[in-house]
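Q: Can you walk me through this one? I'd like to start with the strands.

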Amino acid sequence: MIRRQKATRYSIRTETSHGPLEVVDVPAAVAACREKWFNQTLVRVNDSVVRLGIVRGEFHWHQHEHDDEFFFVLEGRLLIDLENRTIELGPGQGAVVPKGIMHRPRACRKTVMLMVETSKIEPEGVRRRHRRKRAVRKTGRG
């Protein structure tokens, strides 16, 4: 019997939760979160935003056609699947996924991260069906 993994529901809030000179209390936000995949825009800095992600499960394969995306893990472990490899980030580690790169963030356990990206980025990206490259079998047909 093949079991399909239950789809993760996302709670993505793009409105800015804090203004200039307001204290951002990440531990309080983490303690209040009851969702498996939560993304909140915390602040705007010039033409960029800082988002808080509290995640468990996997996001869909997607890309951001015009914007880079920076992930920085505060606690837990974040895996970022790419077409040909997986980046693994632990607390205190970060990585940039360049624009146009197909990727899928996932976390086996609760993970807290910050994301820095332009304010115009669509947090869900452009969804694409993803197929890992398979070896092409030659049939000998012309």
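This is a predicted model: local features need pLDDT of at least 70, side-chain atom pairs count only at pLDDT 80 or more; totals for chains, interfaces and linings use all residues.

Q: In what sense do S1 and S2 pair?

A: Parallel, over three bridges. S1 covers residues 11–13, and S2 covers residues 37–45. Strands (E, at least two residues) and helices (H or I, at least four) are DSSP runs, numbered from the N terminus. Two strands pair if DSSP finds at least two bridges between them.

Q: Which residue in S2 is the bridge partner of Arg13?

A: Gln40.

Q: How does the chain cross from S1 to S2?

A: Through helix H1, residues 26–32. This β-α-β crossover is right-handed: with the strands pointing away from the viewer, the path from the first strand over the helix to the second runs clockwise.

Q: And S2 with S3, in what sense do they pair?

A: Antiparallel, over eight bridges. S3 is residues 48–58. Phe38 stands opposite Ile54 in S3. S2 and S3 form a hairpin with two residues between them. Asn46 in the turn has a positive phi of about 55 degrees.

Q: How many residues of S2 are buried?

A: Seven of its nine. Buried means under 20% relative accessible area, with a 1.4 Å probe and protein chains only.

Q: New topic. Is His62 buried or exposed?

A: Buried, with a relative accessible area of 1%. His62 lies in strand S4, residues 62–63.

Q: What does the His62 side chain reach?

A: The backbone oxygen of His60, at 2.9 Å. A polar contact of 3.3 Å also joins the side chains of His62 and His64. That term means a pair of N or O atoms within 3.5 Å; within protein, one must be able to donate a hydrogen and the other to accept it, and residues adjacent in sequence count only if both atoms are side-chain atoms.

Q: How many residues are in the largest nonpolar core?

A: 15. Those with the most contacts inside it include Val55, Phe71 and Leu78. A nonpolar core is a set of buried Ala, Val, Leu, Ile, Met, Phe, Trp, Tyr and Cys residues joined through side-chain atoms within 4.5 Å.

Q: Which strand gives the most to this core?

A: S9, with three residues.

Definitions and conventions. Residues are numbered from 1 along each chain as its sequence is written. Side-chain values use heavy atoms; hydrogens and water are left out. Buried means under 20% relative accessible area, exposed over 50%, partly exposed in between (1.4 Å probe, protein chains only).
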